[in-house]
Amino acid sequence: MSEFFDVIVVGAGVSGISAAWHLQDRCPDKSYVVLERRSDLGGTWDLFKYPGIRSDSDMCTFGFRFKPWHSPRWTVDAASIKSYLREVVTENGIDQHIRLGTEVLSADWSDADRRWTIRTLQNGQETEFQAGFLFMCSGYYNYDEGYRPKFPGEENFGGTIVHPQHWPEDLDYAGKNVVVIGSGATAITLIPSLIDSGAGHVTMLQRSPTYIGSLPNVDPIAAQLIKWLPTDNADFVNRWKNILFAVAQYQLARRFPGAMRKAMIAMAKRQLPAGYDVDKHFSPKYNPWDERVCLAPDGDFFTAIRSGKADVVTDTIDHFTNTGIKLSSGDELTADVIVTATGLNMRLFGGTKIARNGQAVDPAKSMTYRSMMLSDVPNMAFTMGYINASWTLKADLVSEFVARLLNHMDAHGYDTVVAPHPGEDVEERPFADFAPGYFQRAMDQLPKAGSRGPWQVKHNYLFDIRKIRRGKIDEGLQFTTRKSKQVPVSV
């Protein structure tokens with residue numbers, strides 16, 4: 001026997017909670033369940049345990065549109081975010097729809113039955129669900145394994161090697177020398193936190209520099225607006241202030257990369273000790289927003305360097321030794337603990353194997369419709385957040401669209417919707433023009449974007465509001481019913 005739900009949501013992180021709320025709010029007659037592999041909700045915010053783990057997006061936009069974040073703090077720690085998510089699910093009864101400890105193994109769409117058959121693993125036993133619509137909200141990276149290159153001679157190292165994705169709760173680094181390999185958001189977050197919690201000295205070893213922006217963690221404008229305006233008005237203004245700031249910053253960076261580069265390097269120079277080699281350690285070879293810009297709230301990363309308890313080394317690794325890392329320059333870094341903050345591995349749909357009529361679906365051979373549906377895969381949507389703004393902004397838009405789509409289908413008696421591949425009429429393009437290693441390593445796994453129409457991927461919230469929230473619900477889609485085999489595509 002298998003349970004049937006109108007909608008099955010996979011994942012109980014930010015995306016899955018957004019999906020559940022919108023289904024309840026806009027499709028109250030639809031039955032749904034949220035299947036979550038982990039033993040608790042929260043996704044990213046339940047997985048990572050390394051010191052200082054926090055959002056690198058402002059909380060006014062990282063919070064849900066339907067549940068504003070009432071604080072002028074720009075970023076907060078993972079525990080606060082998880083508490084916020086738990087508040088959302090309990091306030092709205094979403095927790096009654098979440099099945100924890102349920103790993104989704106595969107999902108197979110049947111054209112004949114017009115439904116999904118979903119195989120899961122619960123407590124070591126396989127179970128089966130069926131659904132009319134499948135909503136994949138499991139994020140885009142591999143929860144089991146972060147990106148961890150093999151370093152020559154690492155087996156000879158006499159200390160501890162740890163990856164941030166698998167941080168042991170009992171790791172002892174008090175008073176010890178720590179080397180953090182990497183210069184992304186994780187490293188920028190870790191280093192001040194390690195120092196604040198007792199590390200002796202921390203060195204960030206980077207192959208090449210990263211752009212690091214610094215903003216006050218308490219937004220003074222937001223604080224005044226919260227003080228003087230009614231709560232709803234303050235929430236609205238603060239949210240849109242931050243949305244427009246992020247959009248403007250990104251557009252300026254793409255249109256005037258030289259000017260933005262100079263501004264960001266000058267910002268770093270003002271916060272570093274006099275005579276610090278900024279050109280070597282804080283002048284990236286790429287343009288701003290070719291990769292995501294890291295955030296140092298209140299300049300905490302630069303404060304750590306000024307304190308003398310942290311420094312930056314720009315070099316490559318020759319090999320590990322018993323006492324640390326031998327660099328290509330010939331220098332050696334002494335370490336008791338080495339943290340490999342070397343990034344993540346992407347994995348679409350949480351590793352779920354997607355099929356149609358028993359035939360495996362290869363996302364890389366698909367084109368993405370509005371960056372939320374795979375071409376030629378019926379009754380399925382997925383959430384993929386922005387590369388240049390808060391993940392939640394896109395999650396809420398996708399959830400709204402799915403709810404609106406389901407209501408449109410009910411109103412017209414449709415039971416199937418699919419985005420047919422546009423063929424040669426639309427030129428294929430990469431899913432995103434984004435340079436980080438984790439994206440480049442996964443390009444052969446990602447669906448393609450298109451050169452125009454609903455196949456474009458813009459990573460622009462203002463554009464998506466017009467096209468996703470307010471655009472034609474049936475543009476480029478094909479609907480079917482049991483009585484009539486096909487409803488023409490609306491263009």
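**Helix 4**

I looked up the buried residues of helix 4 in this predicted model and found Ala-78, Ile-81, Lys-82, Tyr-84, Leu-85, Val-88 and Val-89. They cover an arc of only 155° around the axis, which puts them on the same side of helix 4. The arc is that of the directions from the helix axis to the C-beta atoms. Buried means under 20% relative accessible area, exposed over 50%, and partly exposed in between (1.4 Å probe, protein chains only). I noted the general rule: an α-helix has 3.6 residues a turn, so residues three or four places apart point the same way. On the other side of helix 4, I found Ala-79 and Glu-91 exposed.

I noted how the model is read: it is predicted, local features need pLDDT of at least 70, side-chain atom pairs count only at pLDDT 80 or more, and totals for chains, interfaces and linings use all residues. Residues are numbered from 1 along each chain as its sequence is written, and side-chain values use heavy atoms, with hydrogens and water left out.

Helix 4 covers residues 78–91, and its 14 residues reach 20 Å from the first C-alpha to the last, close to the 20 Å expected at 1.5 Å a residue. The expected span is 1.5 Å times one less than the number of residues. Helices (H or I, at least four residues) and strands (E, at least two) are DSSP runs, numbered from the N terminus. I then checked what the buried residues of helix 4 pack against: helix 1 (14–26), helix 2 (44–47), helix 3 (59–62) and strand 3 (98–99). Contact here means heavy atoms within 4.5 Å. Just after helix 4, Gly-93 takes a positive phi of about 70°.

**Helix 8**

I repeated the check on helix 8 (residues 257–271). Its 15 residues should span 21 Å at 1.5 Å a residue, and the end C-alpha atoms are 22 Å apart, which agrees. Met-260, Met-264, Ile-265, Ala-268 and Gln-271 are its buried residues. They cover an arc of only 125° around the axis, which puts them on the same side of helix 8. Ala-259, Lys-262, Lys-269 and Arg-270 are exposed on the other side. The buried residues pack against strand 10 (212–215), helix 7 (231–255), helix 9 (278–281) and helix 10 (300–306).

I traced an open sheet of five strands in the order 7-16-8-9-12, with parallel pairing. Strand 7 (160–162) and strand 12 (310–314) stand at the edges with a single partner strand each, so one side of each has no neighbour in the sheet. Two strands pair if DSSP finds at least two bridges between them. Strand 9 and strand 12 pair in the parallel sense over five bridges, and Met-204 stands opposite Val-312 in strand 12. Four of the five residues of strand 12 are buried, so it is largely enclosed by the rest of the structure.

**Thr-383 and helix 11**

I found Thr-383 in the loop between strand 21 (380–382) and helix 11 (391–412). Thr-383 counts as buried, at 3% relative accessibility. Leaving aside its neighbours within four places in sequence, Thr-383 is in contact with residues including Ser-15, Trp-391 and Ala-395.

Helix 1 and helix 11 pack at an angle of about 35°, with their axes 9 Å apart. Axes are lines fitted to C-alpha atoms, for helices over the stretch in contact, and angles run from 0 to 180 degrees between N-to-C directions.
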